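Hi everyone, thanks for coming. Let me put the structure up, and then we'll walk through a few parts of it.

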Amino acid sequence: MKRSEINQAIVSSGKFFKENGWTLPPQPRWDVTDFGLGDFKKFGLILINLAEEVEYCEKLMYAAKGQTTPSHTHKKKKEDIICRTGELVIRLWAQDPSNGLAGQGAFQMKVNGAFKAFRSGDELHLKSGERVTIEPGIWHEFFPASDECIIGEVSTANDDVNDNFFSDPNIGRYAEIDEDETPIVKLLSDK
């Protein structure tokens, strides 16, 4: 990604957070990624780490229509994904959707605190305020159905480097950055 694209994403998402009553903490820890795929408009997500503790973490995320967070799972992390503003679609699988068996498997997950049955490949639509609890080992990808979406995440301890397993082997958790202008904030991935 170009640094100018990252800077613009921070400005536009920051404006949307403010318009929707989300005050960011002092010196927020930003993460802007295209998952190493080189197409932020198609595969992109903006994340802000709000809490990074040994036992738990909290994130605030932003995505625009057309941006997908690609299918992935976690071996350790249990997370609640919360639609804070807009409408969020989460596609769910019992196993890696790239292995040809993605349509097989049934499982249960909590949606708004109550268990609900799912089959691999099902889509869950969350409206503002709704949440889903994703257990370790459940594959998931998500994208906004609305023009823009603010997404919350509350989870057990977060390890973005060692506990993100993507279906696509070409995916890297952090974007490679072309420094075409000065950064307006330091990203989590900046050294």
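**A quick tour**

Let's start with Asp 39, which is partly exposed because its relative accessible area is 32%, and partly exposed here means between buried, under 20%, and exposed, over 50%, with a 1.4 Å probe and protein chains only. Asp 39 sits in the loop between strand E1 (29-33) and E2; helices (H or I, at least four residues) and strands (E, at least two) are DSSP runs numbered from the N terminus.

Some ground rules: this is a predicted model, where local features need pLDDT of at least 70, side-chain atom pairs count only at pLDDT 80 or more, and totals for chains, interfaces and linings use all residues. Residues are numbered from 1 along each chain as its sequence is written, and side-chain values use heavy atoms, leaving out hydrogens and water.

Now, the sheet. In what order do the eight strands of the open sheet come? They go E1-E2-E3-E12-E5-E10-E7-E8, with antiparallel pairing; two strands pair if DSSP finds at least two bridges between them. E1 and strand E8 (114-119) are the edge strands, each pairing on one side only. Inside the sheet, E3 and strand E12 (residues 148-156) run antiparallel and are joined by nine bridges. Take Tyr 56: its bridge partner in E12 is Thr 156.

Then there's helix H1 (residues 3-19), which lies across E1, E2, E3, E5 and E12, where contact means heavy atoms within 4.5 Å. H1 runs at about 120° to E1, taking axes as lines fitted to C-alpha atoms, for helices over the stretch in contact, and angles from 0 to 180 degrees between N-to-C directions.
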